[in-house]
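Student: I would like to learn how to read the boundary between two parts of a chain. Can we go through an example together?

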Amino acid sequence: MEHYIVQGGNPLSGEVEISGAKNAALAILAASIMADETVIIENVPDVSDIRVLVEAIQSIGAVVEHPDRHIYHINGALIRDLPVDNELVRRIRGSYYMIGALLGKYKRAQVALPGGCAIGLRPIDQHIKGFRALGAKIRLENGMVVAEAENLHGAHIYMDVVSVGATINIMMAASMARGTTIIENAAKEPHVVDLANFLGSMGAKIKGAGTDVIRIHGVEHLHKTDYVIIPDQIEAGTYMFAAAATRGDVTITNIIPKHMESISAKLSEIGCEIKESDDAIRIVASRRLQATNVKTLPYPGFPTDMQPQIAVLLGLSSGTSIVTEGIFENRFKYVDEMTKMGAHITVESSTAIIDGVQSYSGASLYAPDLRAGAALVMAALAANGISRIYNIHYIERGYEDFPDKIRSLGGEMVKVNDGAEDSDAMRRMMLKVI
Ligand code: EPZ
């Protein structure tokens, strides 16, 4: 089975460049089909969720060119009324953005019900509520969401829960509805703002993205654009935490420090040194860190997508920490794996109580989902001895070149392909170990 082998113990040090934001890219790639001209999207991360969505976009007739690893040209003029469906589409969450994009443009969409990481129930009632308010009829048929409207019209929509996905989906459909839509209690995440900026660059009229009230005045057509996706807040945060867990000194570059505030603040609070410049942050952790409490919340709160990473870090800090998950119901599945490494974590409903230990020890670990998988790699980098991390397809959904980037920081991590345990990198690493 493909897996990572990690030899722990090296403090990470050096510079790492952060890739484009996966969750912004998923929304923006889906929205790109709303124009009948060629849209150019740059800084797209090369991760598996993106490749699956691009295949889905192609499968319904959009013309896609991929002139560079991080650039896509997409033209949605020739799209046919085909269902967006295949086994892979059903596994990713981002496929549901095709509903908003197709419904907005063609007033009809048929998209397989979304999958994504198993971190909670993840209903789509708020998306459906929004589409219905815009005048669409929605039915669920053979595992597909079928949305149809004679015409879409503006509406005043109050979201019952703050949902990134529903805010994005409604924003896309409303961009091509007649009249004005107001989304109240909207999500404020950086990727919501990035999508609004992208749609704006295609001619959409959107105000207030980044606040909890978004106003969208529908237009008839969207046009071509050339757009650069923002850096990935969560990838950046993961490297910051990996630096802290290994007591390293790492500068993350190509980021927007403002997006990192809740993450940087926690790191300084527990004893790291943080130095910010215009598009980089240096993090230095020269001693053992201290315990703290944290609760995940919608942006600008501490992100749920950093919850496993902070738990791994606090597991090595002195004292008792409490981590409360405020967004998803089932996001502590990695704790059993951490226990194998010697962590002292007990979970009671949505709270993890963490008694910091001096060190972790290497183990065979199974990633339960994307972010928890990255957190287990972090733990392995900080641990004594060798760890093997399985189920890495989860991690590859969202981290571009993870082993290469970790190795460039002095960490020892290799991906072992089926039957290729004797790869050069592996041999080099094992020689060091023995
Ligand atoms: C997005 O998921 C991200 N995924 C997730 O990232 C991220 O964890 C999450 O936002 C929160 O920041 C993508 O962008 C593709 P939500 P999404 O709708 O849109 C409830 C990663 O690792 N809810 O903001 O699915 C829901 O159950 C992934 O990159 C409803 O009740 O999240 C949850 O409790 C994992 N009804 C809360 O709202 C709805 O209709 C927030 O979910 C929609 C959501």
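**Reading a domain interface**

Tutor: The term means a side-chain nitrogen of Lys or Arg within 4 Å of a carboxyl oxygen of Asp or Glu. This is a predicted model, where local features need pLDDT of at least 70 and side-chain atom pairs count only at pLDDT 80 or more, while totals for chains, interfaces and linings use all residues. Residues are numbered from 1 along each chain as its sequence is written, and side-chain values use heavy atoms, with hydrogens and water left out.

Student: How many salt bridges does the rule find across the interface of domain 1 and domain 2?

Tutor: The rule finds three.

Student: Where do the two domains lie in the chain?

Tutor: Domain bounds come from an automatic or database domain assignment. Here domain 1 covers 3–19 + 231–431, and domain 2 covers 22–228. Their centres, taken over C-alpha atoms, are 30 Å apart.

Student: What area do domain 1 and domain 2 bury between them?

Tutor: The size of an interface is often given as the accessible area lost when the parts come together. Buried area is that loss (1.4 Å probe), summed over both parts. For domain 1 and domain 2 the value is about 1900 Å², with 51% of it on carbon and sulfur atoms. Tyr299, Arg397 and Glu400 supply 36% of the area that domain 1 buries against domain 2, more than any other three residues.

Student: How many residues of each domain are in contact?

Tutor: Contact means heavy atoms within 4.5 Å. By that rule, 25 residues of domain 1 touch 25 residues of domain 2.

Technical notes: Buried area is the accessible area (1.4 Å probe) that two parts lose on being put together, summed over both.
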